[in-house]
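Thanks for coming, everyone. Please bring up the model and keep it on screen while I talk.

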There are 2 protein chains.
Amino acid sequence: MKKFIFLICCLFLLPHFLTAQTITSPDGNFQMVFRLNEEGTPTYSLTYKGKTVIQESRLGFLIKSGYAFDHNFMITDSQIRESDTIWKPVLGEYREIRDHHNELFIALKQEQTDWLLNLRFRLFNDGLGFRYEFPIQSGLRHFVIEEEETEFRLTGDHLAFWQPADYDTNEYELSTSKLSEVKDLREVVCSEPLAAQSPTERLAVQTPLLMKTKDGLYIHLHEASLVNYAGMHLNLDDSQFILSSHLTPDRNGDRGYIQTNSTSPWRTIIVSDDARDILASTLILNLNEPCKIEDPSWIKPCKYVGVWWEYFTGGPSTWAYTDYQDIRIGETDYSQLKCNGHHGANTQHVKDYIDFAAKHGFDAVLVEGWNEGWEDNWAYHKEVIYSWTRAYPDFDVEELHRYAQSKNVKLIMHHETTSAVTEYERRMHEAFQFMKDNGYDAVKTGYVGPIIPRSEYHDGQWMVNHYNRVAETAAQYQIMVDSHEAVRPTGYSRTYPNWIAQESARGTEFESFRGNHPDHTTILPFTRLKGGPMDYTPGIFEGDLSVYGGKTAKVSTTLAKQLALYVTMYSPLQMAADLKENYEKYPDAFQFIKDVALDWDNSYFLEAEPGDYITIARKAKGKDEWFVGAITDEKARTANIDLSFLPAGKRYVATIYADGRNASWNKNPKSYTIRSRKVTSKTRLQVALAPGGGAAISIRPVK
Amino acid sequence: MKKFIFLICCLFLLPHFLTAQTITSPDGNFQMVFRLNEEGTPTYSLTYKGKTVIQESRLGFLIKSGYAFDHNFMITDSQIRESDTIWKPVLGEYREIRDHHNELFIALKQEQTDWLLNLRFRLFNDGLGFRYEFPIQSGLRHFVIEEEETEFRLTGDHLAFWQPADYDTNEYELSTSKLSEVKDLREVVCSEPLAAQSPTERLAVQTPLLMKTKDGLYIHLHEASLVNYAGMHLNLDDSQFILSSHLTPDRNGDRGYIQTNSTSPWRTIIVSDDARDILASTLILNLNEPCKIEDPSWIKPCKYVGVWWEYFTGGPSTWAYTDYQDIRIGETDYSQLKCNGHHGANTQHVKDYIDFAAKHGFDAVLVEGWNEGWEDNWAYHKEVIYSWTRAYPDFDVEELHRYAQSKNVKLIMHHETTSAVTEYERRMHEAFQFMKDNGYDAVKTGYVGPIIPRSEYHDGQWMVNHYNRVAETAAQYQIMVDSHEAVRPTGYSRTYPNWIAQESARGTEFESFRGNHPDHTTILPFTRLKGGPMDYTPGIFEGDLSVYGGKTAKVSTTLAKQLALYVTMYSPLQMAADLKENYEKYPDAFQFIKDVALDWDNSYFLEAEPGDYITIARKAKGKDEWFVGAITDEKARTANIDLSFLPAGKRYVATIYADGRNASWNKNPKSYTIRSRKVTSKTRLQVALAPGGGAAISIRPVK
């Protein structure tokens, strides 16, 4: 069904004395120059519309122990070709994606060792991707990376939207500052205690990193197709403004076990002078391998509710069934233990959520705290902490399977691991089989706390392989995966679209801890979401947790902004995260969550400035329905929404869910208005967004 | 079927002000004093026949991070009881084993923390065992051991039979020296390169450790029932002659993740003034839990040959099927690759060994190199290196299953892991299922090279749990396990008798590298073998490897001594390790290997001095057959063999396999004589043992 247009425009075999090569993007805006410098070190530089984006920057490796595989190279081959194809994502922001690029391939040989190293550059209209390739060769078979030495030499002290580099977490607050200010600010940011936390000793930031130059260029750095390789951070030289790759090591300091006949991930540089182009870019997806699941028809968008937010509200609900301290999974007989009286995942409570899901047209119900082991937690460093096949006594798996089936609702399995990954890998097959036996076809995985094996970090090569293995193994069982606390995504959901979403950034749960800044969700789509869909779990209507009696936290958005997030935070998996009682109080606002689509024919990035505002419209896949989300940071704003994406000459009804007149995130978050009006492709809507507010619009044909 | 005699002789509840307690062994030879010293630190001391064995020695823990859980204790409870029971091992040196001991239980509370710690001492006629118990308590739930602080304060500079402490290997040469000489000698010993090697920074030796005092006491230190705990080494203070526990850490320095309601392994001190009693001791087995396999009738002794030694001889035979370097398990299609022409584990060659086994009455054939992956090895640090379910193209699993079955011979599976344990654990169930599907009921496992997970050492808690998990999982499949390069055994084969043998010391394979000293096998039964059976793989008839053209190594025993090892090195799993061609050259000597039993009604330790000589006789289980093995070190010796263990008044034929007149391990190893004579229980045989020689005797009723 896929349509491939494959053009090889030119194929050169170049003389060996050649030391530089230039390619341009198909539209001519980008120019990339590859050069071997005087030391025989490979370098590249990049311009956009004549402006320098990346100055001549070095490439290469330090190989364990201490061998410089980064100089004295000669070029042995060089090839340029153009490729222009179209492919269809299984689920996505677009029905079709065009992959049009010019490619430069360079084969290198290091003179003193005869070791071979290849480079492949692909220049698209939205930016550059390049990777290292380790060809099979007699002199180099297996090696350990001490460090990858890829540089990104910037032109100045750009404004950056950043998180501190940390091998174990991507859940810090997002910061906006000049690169020169990162050093002082990151101390403050890193002082927030998180369940697993290993900030880099060296000054460094995470990818995806967005920067904005003084002359208005937006530069996005990340990686694509992270497979059998460590996640990359970026060292920051804040005097010369040089970023350089900083691979996540294991605790022995080793950054990658490599066998030749393999490649690094792609290093990606998305650039535009229009912030909306960063949101629209498909470069990272284009650099991933095509779908490896032969028949992906079982992979479906999923809108869900669940037994989850109640654990964060400060109410009495607990994941744990008992207060007993001597739990040994496989030995403890829970039927002999006393329930603590406020265990969330009990059969009746789950049935109530199934009823609610059925009544309101949700696909599924997530249940956390259903399984044995929640009396302990990650702080105990316990390897055998959960069973993923044995439910608590008050959670009747078979009855809930039957009941959910009778209501045409799916249950979503939860596999918290507390990062006891060795044990999870031992049990994964039986856990997935247990799911299939009981009607589950999606799992939310969790990696709270430090990793076991204790040599490993969340972002290291070993864990990258683990997350990928989970996705691949789950695919064998036709199971969709929604991973939390995993390494940030790099577009691998193109290859394994059953890896339907990830958290991998500060999600809504943090609103119940120390909060997310009102600009948080105006940055994430530019950074974290470029790697893939995020299970942000929006939809909190009751943002004042003091109503539950145990906490004082307040959600940092208006209610209308919570609705808008369903459009601005792309994901084919979306939760309506609040308690069902809160939705029942606001059935008119809830209607938008019930209506909004999760999979799209097209997306229109109407307005965007990172840290300030985003307005996106999307056309539901295969339907004459459009949904718009507009959000702002802590500042009030008017969203100017140009509906010219609508088919000309047709009339539609727009239902506009907007902030109330005096709404604001911190003083009056629950004030909203809902109004309907007729619109056409010529309509320009102006919608007022409150401080920390937003607006959501559904557009349907006039009946 | 087991007969238990269970006596509780006395049960005291003691007043809290009591700070010391004394118990004696049932025969009165041992006295053990427990005392809380002035700092409230628990201590113990031990005497044997009035001589001090262990001076007052401290007990306790350092808890992470830095908390001293070793002082300010008060006694809250104390109990003494006697126990006298008899149990039957599934396989063993004795048909029945008596467990007769006096037990002292002490409950302690640390004053400032209210943390609880219990101690349990058991004093047998062959020595002392004691352990820590961590009772369930509200103030302490999970903790990390920074170090166990058990002391063994010796009375002087004893002669020691030792190996350097090393977290990753127990395959060093055995050394004999005074304790004060260990420091200088261990540098030399540790300079031998081994596949995985992590000698302790601090001066320390391994257990089992045998010592001999100036006044003729033999003291054996080890541990029993190593479960969910790190293997113990012993720090050596060589000025005060204090040994102290040194638990194997992980690479982060953590030495044990403990949840309360658990215990440490037993620390064992076997003592006698007669070396033979050390060999005869069953203390370590007695301190292990009874068999946990409900019906162990499928666990059977096994005498085997195999495709193995040929890989060590220097001949062309290789484990690997190809010379190709780009192997990726699960991706590489071996059927497309060219065989290197000298792959050992090919179907015809294995059939020849099956024929040989059938002809000579062996139970099984071990085949190494049968499976995909041997092109790579541990030095590449590769996690996914082998398949344990896919054979090389020239190894026809189904045909060999059929063929072996038709000859009534079993095949022994081989699972080399190169210590890629994470991958082995992922695959263990399918690997065991594959075995069962193809008629295998025993597996030899291997752990060459550094451990993956890379935080772990061979002897650490995580790996201890792994080895035990393999035994327990294998039991579910009714599979027997013979582990190589695992942590040294601690009697756990009583609990899981399907863990039929281990290597876990320098085995015969080292004879093909740098050799074993002629006294090697006169020490091992005193040290390594006290923990459990050893798969030493004796039976090398052609000890001069230069005959194969690739090596110059020579086996350091006479041929007759190779025969004696089948009796002196107890194991219900015994290999005839040499090539079948070599057995065919010496059919008369080979007859002893064919005849010798593997499981025993009783064992008689006739003569013994560690490092010098051992003579053992054993009665075959359920048969009127006895076998005797006598070995010596590099010195010639006459073995005086008192046959009074034979039933009185009956006449037997003894077949004596002895060294030839001019035999010696280094000049004339293959000279042997075989003679038969009539014997009775009154016979005293004198058999000359050549330098590095030995003798083997089979005794059967006169027909």
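A definition to begin with: two strands pair if DSSP finds at least two bridges between them. Helices and strands here are DSSP runs, numbered from the N terminus; a helix is H or I with at least four residues, a strand is E with at least two. On provenance, this is a predicted model: local features need pLDDT of at least 70, side-chain atom pairs count only at pLDDT 80 or more, and totals for chains, interfaces and linings use all residues. Residues are numbered from 1 along each chain as its sequence is written, chains are lettered from A and ligands numbered from 1 in the order in which they are written, and side-chain values use heavy atoms, with hydrogens and water left out.

Start in chain A, at strand β34, residues 652-659. Which strands does β34(A) pair with? One partner is β35(A), residues 672-679, antiparallel over 8 bridges. Ala654(A) has Arg677(A) as its bridge partner there. Another is β37(A), residues 694-701, antiparallel over 7 bridges. There, Ala658(A) stands opposite Ala695(A). Is β34(A) mostly covered or mostly open? Mostly covered: 7 of its 8 residues are buried. Buried means under 20% relative accessible area, exposed means over 50%, and partly exposed is in between, with a 1.4 Å probe and protein chains only.

Stay in chain A for another sheet. It is open, with 4 strands in the order β6-β5-β11-β20, and the pairing is antiparallel. Its edge strands are β6(A), 67-69, and β20(A), 257-259, and each pairs on one side only. The twist averages 45° from one strand to the next. For angles, axes are lines fitted to C-alpha atoms, for helices over the stretch in contact, and values run from 0 to 180 degrees between N-to-C directions. Inside this sheet, β5(A), residues 61-63, and β11(A), residues 142-148, pair over 3 bridges in the antiparallel sense. Phe61(A) has Glu148(A) as its bridge partner in β11(A).

Now, how do the chains relate? A rotation of 180° with 0.0 Å of shift along its axis superposes chain B on chain A, with an RMSD of 0.0 Å. That is the relation of a two-fold axis. Which C-alpha of chain B is nearest the axis? That of Ser455(B), 2.2 Å from it. The same surface serves both copies: 100% of the contact residues of chain B recur in chain A. Contact means heavy atoms within 4.5 Å.

On to chain B and its open sheet of 6 strands. The order is β30-β31-β32-β37-β34-β35, with antiparallel pairing. The edges are β30(B), 600-609, and β35(B), 672-679; each pairs on one side only. Neighbouring strands are turned by 15° against each other on average, direction ignored. In this sheet, β34(B) and β35(B) pair over 8 bridges. Ala654(B) stands opposite Arg677(B).

α9(B) touches β31, β32, β34, β35 and β37 of chain B, and its direction makes about 125° with that of β32(B). α11(B) touches β32, β34, β35 and β37 of chain B, at about 120° to β34(B).

How do these helices meet each other? The axes of α9(B), residues 559-568, and α11(B), residues 587-595, come within 9 Å and cross at roughly 10°. They are therefore roughly parallel to each other. The cut-offs: under 35 degrees is roughly parallel, over 145 roughly antiparallel, 65 to 115 roughly perpendicular, and the rest oblique. Leu559(B), Leu563(B), Tyr566(B) and Val567(B) in α9(B) meet Ala589(B), Phe592(B) and Ile593(B) in α11(B). By class, that contact has 7 nonpolar, no polar and no charged residues. Nonpolar covers Ala, Val, Leu, Ile, Met, Phe, Trp, Tyr, Cys and Pro; charged covers Asp, Glu, Lys and Arg; the others, Gly among them, count as polar. And 10 of the 10 residues of α9(B) are buried, so that helix is largely enclosed by the rest of the structure.

Compare another helix pair. α6(B), residues 421-437, and α7(B), residues 461-476, pack at about 5°, with their axes 11 Å apart. Their contact residues divide into 8 nonpolar, 4 polar and 2 charged.

Last stop: Asn288(B). It lies in the loop between α3 and β23 of chain B. Asn288(B) is buried, with a relative accessible area of 3%. Its contacts include Ala224(B), Thr490(B) and Tyr492(B).

Conventions:
Copies are superposed by least squares on the C-alpha atoms of residues with pLDDT of at least 70 in both. Lists of a residue's contacts leave out its neighbours within four places in sequence.
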